[in-house]
Amino acid sequence: MRTKSIKKNKINVVTLGCSKNIYDSEVLMGQLKANGKNVVHEDENDEGNIVVINTCGFIGKAKEESVNTILHYAQKKEAGEVDKVFVSGCLSERYKPDLEKEIPNVDQYFGTHDLPNLLKVLEADYKHELIGERLTTTPKHYAYLKIAEGCDRPCSFCAIPLMRGKHRSTPIEDIVTEAEKLAANGIKEIMLIAQDLTYYGLDIYKKRALAELLEALVKVDGIEWIRLHYAFPTGFPMDVLEVMKREPKVCNYLDIPLQHINTELLKSMKRGTTHEKTTALIHKFREVVPEMAIRTTLIVGYPGETEEMFQELKDWVEEMRFERLGAFEYSHEENTGAYVLEDDVPEEVKFRRVNEIMEIQSQISWELNQQKIGKTFRCLFDRKDGAYFYGRTEYDSPDVDNDVIVDAREHYVKIGEFVDIKIYDAGDYDLYGIPV
């Protein structure tokens, strides 16, 4: 028989999935800390006797990782190594009844909008006055800033609306307040995230208001870089480009997942655009902001994708020469629009297609990087690893894009500071430089 823990409760928050989940975990931890709770994030020694797992339920691999993590901590509870296990987030929102049945050893499951109830079982009160108060888990100089929740888009492959609900924009003044608090804590770079930045403001202001939000955020003292993640191509507010061009704080960077280029597949995906319209949009971006680095993601192996359609995608990737690009295998998700279609592209074909796209992209990336040799860039340094410092230009987001690498045996740079770096060499995805 196991004995109840008599040590002071320590809550270990484990985060899986995307930057939006990181943000949610930070808000939870901020609330717990304000309630006087002892809280840690992904304690590597697993010291917390209470575990909260913030899950991802987006695609097959992410779901598998979430389930494995829940099982890991359920077994630790069984062995008496932790007292309580709570599960929140997207997987829990989407599959709560199944999870309760399959993994009953978890104390309680919570969905994506259950923060007050989760706090209650952790013996904490939800404090409304804590707007913008978070325990950030990222390095001390950058943070994610969520400007909206949910999504109104009907994309056939995507389960996010099932888990996150309808689009809900956060008012501009609340976002500015949060940015000011981040800046007061030493944050220099904020990454604006949402399921769909393009839609921002339509629900509360009855118009697209991303440009207005940027105009307000550039006035926040201490914030030096503002980066845009997860825009949607249909209905993109072009006034954002004017702000990007005019305001040095707004990075010349846009993350805009385009998913595919074949018009027939785009129609089946319910993306509301065509090959011609997508291409024209990218040309427009580059015409207005020639300096812009565009990051996109593509899905291969969507139902009905023929070799001809895939060839069209490859040709288009070569033609567009995106600065940053990722490719993913289609995941057949229940309750999505595409689930009624036959998942007819074999796994090995999906795998091959991803590799072919990424091979083309690595060559493009290498060629673009060669053009940077001899030039000087303002870089923000994130970390020191072994004998090297790792930083980024304004064209790179942490964890997903290129690094600027400086040899720590010969040069010193301060983590969390901006430094001018002259590039002397470049690989497929990394730049090598010296401080000037």
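At roughly what angle do the axes of helix α8 (residues 239-246) and helix α10 (residues 275-288) cross? Please continue from there along the neighbouring contacts.

Mentor: The model is a predicted one. In it, the axes of α8 and α10 cross at roughly 30 degrees and come within 10 Å. An angle under 35 degrees counts as roughly parallel, and α8 and α10 are therefore roughly parallel to each other. The crossing in which α8 passes α10 is right-handed. On the α8 side, the contact is made by Leu 241, Glu 242 and Lys 245, and these meet Lys 284, Phe 285 and Val 288 of α10. Sorted by class, the contact of α8 with α10 holds three nonpolar and three charged residues, with no polar ones.

Helix α10 also packs against α11. Here the angle is about 15 degrees, and the axes lie 12 Å apart. The helices α10 and α11 are therefore roughly parallel to each other as well, and α10 passes α11 in a right-handed crossing. From α10, the contact draws on His 275, Thr 278, Thr 279, Ile 282, His 283 and Arg 286; from α11, it draws on Glu 312, Trp 316, Glu 319 and Met 320. By class, three of these residues are nonpolar, four are polar and three are charged.

Helix α11 (residues 307-320) leads in turn to helix α12 (residues 347-370), for their axes come within 10 Å and cross at roughly 15 degrees. It follows that α11 and α12 are roughly parallel to each other, and the crossing of α11 past α12 is right-handed. The residues that α11 brings to this contact are Glu 307, Phe 310, Leu 313, Lys 314, Val 317 and Glu 318. Those of α12 are Val 349, Arg 352, Arg 353, Glu 356, Ile 357, Ile 360, Gln 361 and Ile 364. The contact of α11 with α12 divides into seven nonpolar residues, one polar residue and six charged residues.

Two or more lining residues are given by each of α1 (19-34), β3 (50-55), β4 (84-89), α4 (115-121), β7 (148-149) and α6 (172-184). Helix α1 supplies the largest share of this lining, seven residues. By class, the lining of the second largest pocket comprises 16 nonpolar, 12 polar and 11 charged residues.

Technical notes
Residues numbered from 1 in each chain as written. Predicted model: local features only at pLDDT ≥ 70, side-chain atom pairs only at ≥ 80, totals over all residues. Heavy atoms only, no water. Helix = DSSP H or I, 4+ residues; strand = E, 2+ residues; numbered from the N terminus. Nonpolar A, V, L, I, M, F, W, Y, C, P; charged D, E, K, R; others polar. Axes fitted to C-alpha atoms, helices over the stretch in contact; angles between N-to-C directions. Parallel < 35°, antiparallel > 145°, perpendicular 65-115°, else oblique. Left-handed = near helix turned anticlockwise from the far one by under 90°. Contact = heavy atoms within 4.5 Å.
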